Each structure stands twice: as C-alpha cells, then as structure tokens.
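The exercises below are meant for a reader meeting this structure for the first time.

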Amino acid sequence: MLPNQLATEHFSGYPPEARRVAAAQIQTLRRLPLSFVPLLLRELIVYDWKFPAERKDLDRQFQYLANVPANEFRHIMASFGELRLSPDLEKTDWVNTPAAFSEKLSAHLWNTHQIDQFRAAAIDYVQTSSKAGREEALPTHRLGLAVIGAGVRDNSYPLFRKLAPHGVCFTQVTHENGLSRMLGAIEKRAAAHPEPYSHWYIDGGPDATPSQSAIARVSYGSLSPARAALQSRMQRTYERSVFDPEAFRSMLARIRPEEIGLSGGDAVLSRFQLSVLTEGSGTQVFATTFVQWAAREALRRAQPVTLFARFTPRQRERPMNELLAESQRAPQLDPQGSLIDADMGAYYTWLNQQRLSEAGKATFLVWFEGHEEAVAIGPSMEPGKRVDTPVQLADLIEKVA
C-alpha cells in the first residue's frame, strides 16, 4: 500500500488519541512519500503516551505540513520522494508497525548507498519545520538541581572540573538539611506552576516522595520489582549458547509495561520508566547510569522547567551474568567510583538542559552531598569564579530557584 491509499480505518489499531489525530490529518498523510510518512507514524502511534511537550511538537509538524504552500511542500519532500525503495518495503505493514519499517528502511538505504541523501533531506526538513513553529514562553526559568556523592566520606578526586568554568564554585557550603531544602524548592515551584510533567524528581535510591502531586517522580529503588523482572528476561537471553545482540534489542523493544509490573497509575510515566529501562544501556543495573539517562530523557522529551537529579552509589563492576542477578543478592556498592560517574552525569545533565529553549535564563546547582562543595550556574553567576568564604546552601538554592 502507498500513502495516497490511506483511509481512516487503517488506523483502527491505534490508541484513541493517536487514532483521532490520524483521522484529522488523513489528507496530509496521503500527500507524503512512503520514505517519510512511516517516520511520522512512528511518533504518532505512541501519541497517547507522549508528554505534553512531545504532543505539541508533533501537532506543530502536522500543522506545518498541512499549511505549507504547495511549492514549498514539493521542495522539502522532493529528496524523500526521489529515494528508490524496494517492493518488499512497500508491502510492509508500515501503518501498524512503523518502527519495524524504519529499521528496514535504514538497512535498505545503507545497502543502496542512499543514506546520505536521506540524512540531508531529514536535516533540511527539521530545520525548515522548526523555523515555521513558534516556541511558547516558559512560565518561569528552567532550574536544574543535582546532588552527587552520597555515602562518600573522604574524597581526593577533583570535582566539578567540567562545570566550574561555567559558574561559581563554592568551597565552604553550610548544608544542614540540604536534601530536604532542595526538595522543598521543587515543591514550591511545582505549586506555583502546576503544569503536568513540568517538574521532575529523579533519585538513584528510594523515592523521597515529595508531597507535591505535580512532581513527576522516578526512582531506581521504587523500580526494583520491575528491574528484577527485566533482569530475569535479559539474563535468560544473555546466557543462551548463541547470543544475538539484534534479537536481544528487539526483545527489549517489544516488552510492554504490564509485563514487568508497570501497569496502572500514570500510563505516560509508566511508559517513560519502561523506555529508560529498555532503551538505556546499564540503566537496569547501575543507579548512576539510571539517573543520568532518566534525566537526559526527561529533559529531551518532557522539557521540564524544574529537574532534580540525585545520584546515589551504584554497584561495583562485575561480569554481566552477576550484574543481572542483582535481585538475588545484596549488591556491593562503590561510593567513590560512583562519585566520579555522578560528577560527569551532573555535567551531562546541565548540557542537556542547555539544549532547551531559553537556555540563557536557566540556572543549575550541583552539590556534593554531605560536604561543603557546590557549583552554581546562571545569569547572575560569574563564570569561573571561586568563593572560599562560608555560604549557606539554602541561600544558593534561593538564588537559583
């Protein structure tokens, strides 16, 4: 089937909201070349489990494609339309399995040396469609909070070498009740701006459970049952006599939330947690990797105005079969190695925050938990400055929040 043959009944297997959007945009979908439309459907088929920011982005794309002048439409789709596709691709059920089609399309483009043409066309489309949409003003500036080094007593590793050049480094921070003060700051922002999924708390340990319901909460500890179920599946696949990485990845991609105990409650958040555990490398067994990946994905997808990431000790490096058996024994923790991981993880979190809109107004605070070191970044913070006089962590939080 080709796109110009699409009808609303072809989307009967889609979830309700995705089906509604497909029906409303059927005329636009019919105009698109086969090499492009499944890439759009890959996003549409999971519309019901997308965050508001993701839905708005996809809605903007449809609006752009529906309203763009005919000559411009032909121009931006010309390179996609010129790609040579095999008959097997045309026979694929690309409506109901757009992700599988995308994988086959990618392999075909590589094999036929058309991948560069496709990549250039995709970049041109993204740039053109992005310029056509207007970014909405944020209700407040973005705030990122990171806590690293839980469980570390003495440290000789030089922290914040990547972050310090971008903000002020404080070496004598008084930090009484520091963690609860940070939680209080995100609760206050969530109460003032209660938009769904605009405020996140991600913890590498048990959930500290902020009382503010507007906060999206994700924690490594609370996902222990889901991780154990997933690790069991991974271990069975890994221990087969012939290990197939592609089959392993496909197995993870096919898992549904209810299969590892993530059904019920917030379906959007459950899908997000599933994606963190199945798409991230090491998120199933390393707490620091889990927090870094979850923060990255939350910023990329939900685009929150507040994100608090607390890194906790991960287990020590071991052979894969032992790592996957974490639920069967008490893991050996590595606080010092985890501190080094978390230091880099905090830096990556700041970088991902900077990729979002209004980055020039954003603030970021990272604190070495239980110690006197912190770095604050923001418009009012002088890059590369060092302050060796006493300062209250509460005051730093107030400045950035």
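This is a predicted model: local features need pLDDT of at least 70, side-chain atom pairs count only at pLDDT 80 or more; totals for chains, interfaces and linings use all residues.

Residues are numbered from 1 along each chain as its sequence is written, and side-chain values use heavy atoms, with hydrogens and water left out.

**Exercise 1. Determine which residues of strand 4 point each way, and whether they are buried or exposed.**

Solution. Begin with the terms. Helices (H or I, at least four residues) and strands (E, at least two) are DSSP runs, numbered from the N terminus. Buried means under 20% relative accessible area, exposed over 50%, and partly exposed in between (1.4 Å probe, protein chains only).

Next, locate the strand: strand 4 covers residues 199–203, and five of its five residues are buried. H199, Y201 and D203 point one way, whereas W200 and I202 point the other way. In a regular strand the side chains alternate between the two faces of the sheet.

**Exercise 2. Identify the strands to which strand 4 is joined by five bridges.**

Solution. Two strands pair if DSSP finds at least two bridges between them. On strand 5 (residues 215–219), five bridges are found, and the two strands run parallel; here R217 is the bridge partner of Y201. Strand 6 (residues 306–310) is likewise parallel to strand 4 and joined by five bridges, with A309 opposite I202.

**Exercise 3. State which members of the largest nonpolar core touch the most other members.**

Solution. A nonpolar core is a set of buried Ala, Val, Leu, Ile, Met, Phe, Trp, Tyr and Cys residues joined through side-chain atoms within 4.5 Å. The largest core has 53 residues, and I148, L163, W200, I202 and V366 touch the most other members. Helix 13 (residues 287–302) gives this core its largest share, eight residues. A second, separate core has 38 residues, among them F11, L65, M77 and F80.

Now take L163. Leaving aside neighbours within four places in sequence, L163 is in contact (heavy atoms within 4.5 Å) with A346, Y347, W350, F364, V366, V375 and I377.

**Exercise 4. Find which helix gives the most residues to the lining of the second largest pocket.**

Solution. The answer is helix 4 (residues 52–67), with four residues.

**Exercise 5. Locate N177 and Q303, and give the phi of each.**

Solution. N177 lies in the loop between strand 3 (173–174) and helix 9 (178–192), and its phi is near 55°, a positive value in a residue other than glycine. With a relative accessible area of 47%, N177 is partly exposed. Q303 is found in the loop between helix 13 and strand 6; its phi is positive, about 50°, although it is not a glycine. Q303 counts as partly exposed, at 32% relative accessibility.
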